[in-house]
Amino acid sequence: MLSHQLKRKLDKANNKNLPQTSKTDDDDDFNSDSDFYDSDVDEESSDLTDSEADLSGSDEVDSDDETDEVNTPSKADGSDEVDSEDETVDTGSKPVSTTSSPSIIKKIDEYAEHDTSDEEDIRNTIGNVPKNWYDEYEHIGYDWDGGKIEKAAQRDQLDSFLQRIEDPEFWRTVKDPQTGKEIVLSDDDVKLIKRINSQRIPDENFNEYAPWIEWFTSEVMKMPLRKFPEHKRSFLPSKIEAKRVSRLVHALKMGWIKTNAQYKRLKAKKKDQFYMLWQTDSDAEKMRRIHDHIPAPKRFLPGHAESYNPPSEYLFDERELQQWHKLEETPWKRKLHFIPEKYGSLREVPAYPRYIKERFLRCLDLYMCPRGIKLKLTIEPEALVPKLPSPRNLQPFPTFLAITYEGHADMVRTIDTDKTGQYLVSGSDDCTIKIWEINTGRCLKTIATDAVVRCVRWCPNQALSLILVAAGNKVILVNPHVGDFLINSKTDSLLKDSPKNDTIINERVRATVQWTEPSDTEYDRGFRAILQHFKEVTQVTWHGKGDYFAVIMPDGQNRSVLIGQVSKRRSQLPFTKPKGLVQSVIFHPSKPYLFVATQRHIRIYDLIGQALVKKLMSNSQWIATMDIHPGGDNLLVATYDRKVLWFDLDLSTKPYQTLRLHGTAARGVSFHKRYPLFASCSDDKSVIVSHGMVYNDLMLNPLIVPLKRFEDHKSCNDFGVFDVRFHPLQPWVFSAGADGTIKLYCN
Amino acid sequence: MDTGDSGPQLEICFITKQDIYAVPSVPFSVPQDINNVHLNKLLNELLRDYTGQLKQVQFDFLVNGQILRLPLVDHLKDFNVSTETTIDVEYIERTEAPEPENALLHDDWIGGVQVADKWVLTGCYDHSVNIWTVHGKHESMSQEHTNMVKSVSWLKQSDPEGGFVTVSHDLTGMLWTWRPGDILPLPVIMLRGHSRAIDSVGVSPNSERLATGGCDTHLKVWSASVDVDDNYEPRPKKIKPNTHLPSRTPIHTLQGHKENIVSVQWLEPQLICTASMDHTIKLWDTELGGLQSEIVAEKAFLDASWSHLCRSIIACSADRHIRLYDPRSTEGSVCKMIFTSHSLWVSAITWSQTDDHLFMSGSYDECVKLWDTRCPKAPLYDLSGHQGKVLCVDWSNPKHLVSGGTDNSLHIFKNRHGN
């Protein structure tokens, strides 16, 4: 590097074309200046030339010469040395200069910034030849255009001496050997030369003592990181790989594996293939072992008794030991199959004599034990409760007590509404029936009878104004004289003239019932016909058309059920044999069927075909009463053993649903004629209104949702509510209580 | 104004439509939990300052169209109104409490009542028709009907001498003439045609027609003329108890209801409003003889009343609520408001004839209540006194609020408001 910089400086000096000084400079003159040459210049300069030689890299001879040349000036003056330097540069750069011709044409030093070998002075094109060849010529060489480069004027000794005296710059004037011109060195050049000579770094700005940055550690580690040498296998071919390859080769040869091309060919050859769709089914057992692994039976963990040093309570006392020995014959009955023993240390524990046997038994267990998966059914209690809609979504239904009908002096046993929903009739233990105006709670009429009124039923025929009243042994047809005047009078006229009965009345019927005309006082009370029975009548019910009605006398044995006809004023006994204590009868709303409830069963008779159609099992001890859904396919039964049963006649002869909502005997049930509602009442003073939706779709079972419980009645003689009836048009319900009141609950 | 100085404040501005009580509309800062008592005090002080009026006047305050009953901030919270802005508080003179004036004791339940001028006409369940003065003097009585009288109406509101009409459960209605001073009202014409009990009667505004409805679900329109010559048909041959009376048959029979018609009222000379227990209110056009429109509800109606002033129907059903219907609205719910305070069925209801906000209702819970439509949460006043179900109420004479019930007594309250 240093030499390169130097060379450049020299070049610049050459360009100045200063008058060249003679090579034979006076040594003496330089003496004054020689003080800047140090004594140990020799070594340094030789070092320099070495580096030069490396750079030039051409012929050895030249460089040798040069070293000689350089070495000589070290004893002589500085200018000489500079010259020799120049020469060495020239020789090194000659081959390059010939190739880079454009630099001359441009006349611009394009390499001013960088050190390259191209920057040699190449104005003289004579090449790398000794300069003395041109000694005898006027020129010293040729420029790029082929013109001669003139030699500078040669001065003789005297001239040069004179110049030395006159020219103050003489000491720094050097001669360019290339062009033969003299160059005056600038101050910088001189300074540079001085620095080189004093063996300092030529660049002034270079800080020799800059802090050292230790890029790599200078400390040498004593021990290597890995001591052991490279393993042998790292430079031996792998035997395993060789084996693997040979195996692959073998497999290929044998045709066990195939190349992609072979596969392609095979695939092309293959056509639609059929396979066994259910093949895996036969392998079920094989797959089960994989998918449904049955774990081996677990062993019991050892307890404290098995310890070598068990707590004393685990050790057998006399009695336990005796017991243990007593079961010698039946060892499987023992609680423990060994006698717990205590040892001071584990060392003292003897060998376990049963070890082999127990291992064997365990193996037998694993081997012989039948294993099956126990399917455990986990049913949440919530899942058992059926999903019922919220009562709020089942509106309308009765929600609050609206009107109380007060006036009866004793328990109200029975109530019924007329078909228009305007009037209510009630029968009571005070031997009266009362007609009420529903909307206002006004008692319109009170009709006295002779006995306790057990049942009142309004005639469903709208053209008739009739109420059937069961009081004592009598059944009375009453015209209440409310509502339509025309209908009332028509009813009266219809019942006035009793039709002539041509048929002879059966003796058995005559003994059971007698139709009588009311007396005048009774007629004024509204009585239109009186049926005198031989036993007490508990229930009456109308057929849907309002002409036939059924009467029950539970004590009447085989004459307990009686069917009467208003238009013909005639009764008949449909049954000849008693089937039990008849509790309730009811007509099917559309078909000619009669439902007869005895204490435990309900029988359905076909009245036209005179045959038993069905027998329903109630599973209860004592049926109280029943009501039929207006559709005719569902039956509600109240029983004295607290149950309300819903029978779906299409479904089964057993109850579809049993509602155990009442605390005591259920006494009445009723369906609403229009809304999907039913109500039940019981002796616990409560009336329960439920949603009972019957779907036309045979696939859907009825939906039953208990909705509301009313407990407004007071209890009287352990009786609560006797009867419950719905308003025929509105979603309102009436309840007849033992406290002598009737209550209306509305929505 | 010194109305309390602690707590958050609200800006209010008093406005009124009653010019005599006007105060400058300057915003005031009041505590936010101010109630109507304090507002009253504040307003009265203001009035004394501005108008020099010394008499204390009781006001009611309307905020957002509803009468203030709660502390102001709670009231605003109910309406989700911002408390940041100035709140317009409209004030109106408070409706004064009606004061009990008289109780007229009858022999039986009172089914219907109507007042014209000072004459009170009542129909009783003992088949009698009575005329009283509002001061409690029994003027006359007749028992021509053979069953309980359910509804009565004067033919001319202004003039009792124009006669009256009664309808009864004996399937007939009767037109009567009566002059003040007569001991017996004179039955003139019998209205025959209903096949079941008649429950309600209404007289047209021009007193030319009347309409009856009853349990046979038919609405029948009759001529209201008391002139016997207006007989449209010869007397039926059938022997009736009241054979001496000429009978009249209906001009129209309008069918459409499915159940008992409980209320009949004429809106216009050709428009009848009926409420029925089949859950509907129907408007009938007598000119065309057909149904004009209907309102279908959830519950059976027990009574309804139409107001000419606010042109809406107030109706009570077989539940505890009173509902306000706007028959003109076609979209959304026709039920505009629900008034709930009664504990049992509300059986009778009527609008005020002079105020478009006031109405009175009678219920089976033995209570008569005076309501303001701007105060739906609670009635203005409870008119107590009945000891049985209230079956009928009347406010035809703006000065008297009349109600009758199952305690056989007719209670007359004097209305002091607006006189």
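Me: Which residues does B:Leu62 touch, leaving out those up to four places away in sequence?
Reply: B:Ile67, B:Glu90, B:Ile92 and B:Arg374. Bear in mind that this is a predicted model.

Me: And where does B:Leu62 sit, in which strand?
Reply: B:Leu62 belongs to strand 3 of chain B, which covers residues 59-63.

Me: Is B:Leu62 buried or exposed?
Reply: Buried, because 20 other C-beta atoms lie within 10 Å, and the cut-off for buried is 20 or more.

Me: Zooming out, what's chain B made of in terms of helices and strands?
Reply: Chain B has two helices and 34 strands. Of its 419 residues, 48% are buried. Looking at contacts in chain B between residues at least 6 apart in sequence, 51% link residues at least 24 apart.

Me: How many residues of chain B are in contact with chain A?
Reply: 18 residues of chain B, and they meet 16 residues of chain A. On the chain B side that touches chain A, there are 10 nonpolar, two polar and six charged residues.

Me: Switching to cores. Which residues touch the most other members in the largest nonpolar core?
Reply: That core has 200 residues, and the ones touching the most other members are A:Leu468, A:Val469, A:Ala550, A:Phe595, A:Met626, A:Val637 and A:Ala679. There's also a second, separate core of 19 residues, with B:Val30, B:Leu47, B:Ile87 and B:Tyr91 among them.

Me: Take A:Met626. What does it touch, again skipping residues up to four places away?
Reply: Among its contacts are A:Phe595 and A:Val637, both also on that list of core residues with the most contacts to other members. A:Met626 also touches others including A:Ser584, A:Ile586, A:Leu635 and A:Val669.

Me: A:Val469 was on the list too. Which residue is its bridge partner in strand 12 of chain A?
Reply: A:Ile476. Strand 11 of chain A (residues 467-471) and strand 12 of chain A pair antiparallel over five bridges. Two residues separate the strands in that hairpin, where A:Gly472 has a positive phi near 60°.

Me: Is strand 12 of chain A mostly covered or open?
Reply: Mostly covered: strand 12 of chain A spans residues 474-478, and four of its five residues are buried. Strand 12 of chain A also pairs with strand 14 of chain A (residues 527-533), antiparallel over five bridges. A:Lys474 is opposite A:Gln532 there.

Me: What about the open sheet of four strands, what's the order?
Reply: The order is 15-16-17-18 in chain A, with antiparallel pairing. Strand 15 (539-542) and strand 18 (570-572) of chain A are the edges, each pairing on one side only. From one strand to the next the twist averages 25°.

Me: And how many bridges join strand 16 and strand 17 of chain A?
Reply: Five, linking residues 548-552 with 561-565 in the antiparallel sense. A:Val551 faces A:Leu562 of strand 17 of chain A.

Me: Last one: why does helix 14 of chain A lie largely in the open?
Reply: Because the number of buried residues among its 14 is zero. Helix 14 of chain A runs over residues 355-368 and reaches 20 Å from its first C-alpha to its last, close to the 20 Å expected.

Terms used
Residues numbered from 1 in each chain as written. Chains lettered and ligands numbered in written order. Predicted model: local features only at pLDDT ≥ 70, side-chain atom pairs only at ≥ 80, totals over all residues. Pairing = 2+ DSSP bridges. Axes fitted to C-alpha atoms, helices over the stretch in contact; angles between N-to-C directions. Contact = placed C-beta atoms within 7 Å. Nonpolar A, V, L, I, M, F, W, Y, C, P; charged D, E, K, R; others polar. Buried ≥ 20, exposed ≤ 12 C-beta atoms within 10 Å, placed from the backbone. Core = buried A, V, L, I, M, F, W, Y, C linked by C-beta atoms within 7 Å. Expected span 1.5 Å × (residues − 1).
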